[in-house]
Amino acid sequence: MRWPDGRHVAVIFNIAYETWSKGKTSGVGPMGNPLAGGLFDTNADGYGRYGAQAGIQRLMRTLEGTGVRASVFVSGALAETDPQQVRAVAAAGHEIVGHGFAQDLIPASLTDAADLDSIRRSTEALQQVAGQRPLGWISPRASPGPRTLPHLIAQGYQWHADALDADRPYLQRTAEGQILAIPLAVEFNDLAHAMRFGRTPQQFVDMFTETLPHLLAAKDDVVILDVMVHTHCYGRPACAWAFGEIARLCSDRQDIWVATRGDIAAHVFKSINA
């Protein structure tokens, strides 16, 4: 299988647009050290809330004029707390992807009933606000539970990105039906890049421009290259430009396929049914 027009490199621009349950905070913050004694970390709380307060708007502005549509991973709770912005993301042509009800509700840590409830609440909330039911899903932390796949199939999902074990999409079958796994490439992720390794936005761009020629030269290797940013990390003024710069570098190229995850799914299903 190859991508449309015989291309072998697909590039997906992903935005994680997340929130946390009341009383919960982002697991990372600029201080780097959690408060001891179970104290509520107001620093990490503010850091996480920035994404919905300002980061998503900046990243949307950054993509304007590039012609790039992003796959936006949206916490279902934002459809309740930030409905106008969720609606604006969908209206701008970006893909709404289910991403759990809140970022602290990690399916691998939930009961089966709580996992299903998070999926159902997220799906219904996003459908009501965005005007269409999401067909794709990625769990918080990309960490599904033992029954997440059957739950997704039962809720009508066609694909998920809770996979790190392959380069190309593949079908997964359960007793409830089948679903397409579209693996998530982790090399270009702003949280690891900035928070773990301390690299700069320019290095984010440089890593991409250094990597792409090598992928294009490997003509028999069909791959997806994910460019992932979080609204509370690279949605900030000093960083968002790097995401936009990579989008502009890719937008007019004919030797790569700039796609959403939904575009990838549609292409795979068409190939399977051909």
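Rings of Phe, Tyr and Trp (its six-membered ring) make a pair if their centres lie within 6.5 Å; planes under 30 degrees apart are called stacked, over 60 edge-to-face, and the rest tilted. Here, such ring pairs link Phe 188, Phe 204, Phe 208 and Tyr 234 into a cluster. This is a predicted model, where local features need pLDDT of at least 70 and side-chain atom pairs count only at pLDDT 80 or more, while totals for chains, interfaces and linings use all residues. Residues are numbered from 1 along each chain as its sequence is written, and side-chain values use heavy atoms, with hydrogens and water left out.

**Aromatic pairs**

- The structure holds 6 aromatic pairs.
- Take Trp 3 and Trp 257: their ring centres sit 5.8 Å apart with the planes at 40°, so this pair is tilted.
- Trp 3 lies in the segment before strand E1 (9-17) and Trp 257 in strand E10 (residues 257-259), so the pair ties together parts 254 residues apart in sequence. Helices (H or I, at least four residues) and strands (E, at least two) are DSSP runs, numbered from the N terminus.
- Trp 3 counts as buried at 2% relative accessibility, and Trp 257 is buried too, at 13%. Buried means under 20% relative accessible area, exposed over 50%, and partly exposed in between (1.4 Å probe, protein chains only).
- Phe 188 and Phe 208 form an edge-to-face pair, 5.8 Å centre to centre with 70° between the planes. Phe 188 comes from strand E8 (residues 188-189) and Phe 208 from helix H7 (residues 201-217), 20 residues apart.
- Phe 188 and Phe 208 are both buried.

**Salt bridges**

- Side chains of opposite charge can pair when their charged atoms come close. The count here is 8 salt bridges, each being a side-chain nitrogen of Lys or Arg within 4 Å of a carboxyl oxygen of Asp or Glu.
- Asp 5 and Arg 7 meet in one of them, at 3.3 Å from N to O. Asp 5 is exposed, with a relative accessible area of 72%, whereas Arg 7 is buried at 15%.
- Asp 263 bridges to Arg 69, with the closest N and O atoms 3.4 Å apart. That pair links distant parts of the chain: Asp 263 is in helix H9 (residues 261-273), and Arg 69 is in the loop between helix H1 (42-63) and strand E2 (71-74), 194 residues apart.
- Asp 117 and Arg 121 form another salt bridge, with their closest N and O atoms at 3.9 Å. They are 4 residues apart in helix H4 (residues 112-130), so about one helical turn separates them.

**Charges over rings**

- Arg 121 also lies over the face of Phe 101, 3.7 Å from the ring centre. To count, NZ of Lys or CZ of Arg must be within 6 Å of the ring centre and within 35 degrees of the ring normal.
- Arg 236 does likewise over Tyr 50, at 3.9 Å from the ring centre.

**The largest pocket**

- The largest pocket is lined by 29 residues, with Gln 103, Arg 141, Asn 189, Leu 191 and His 230 nearest its centre. On a 1 Å grid over the protein atoms alone, a pocket is an open set of points where a 1.4 Å probe fits, with protein on both sides within 12 Å along at least five of seven lines; lining residues have an atom within 4 Å of a point.
- Helix H6 (190-196) and strand E9 (223-230) each supply at least two lining residues, and H6 gives the most, with 4.
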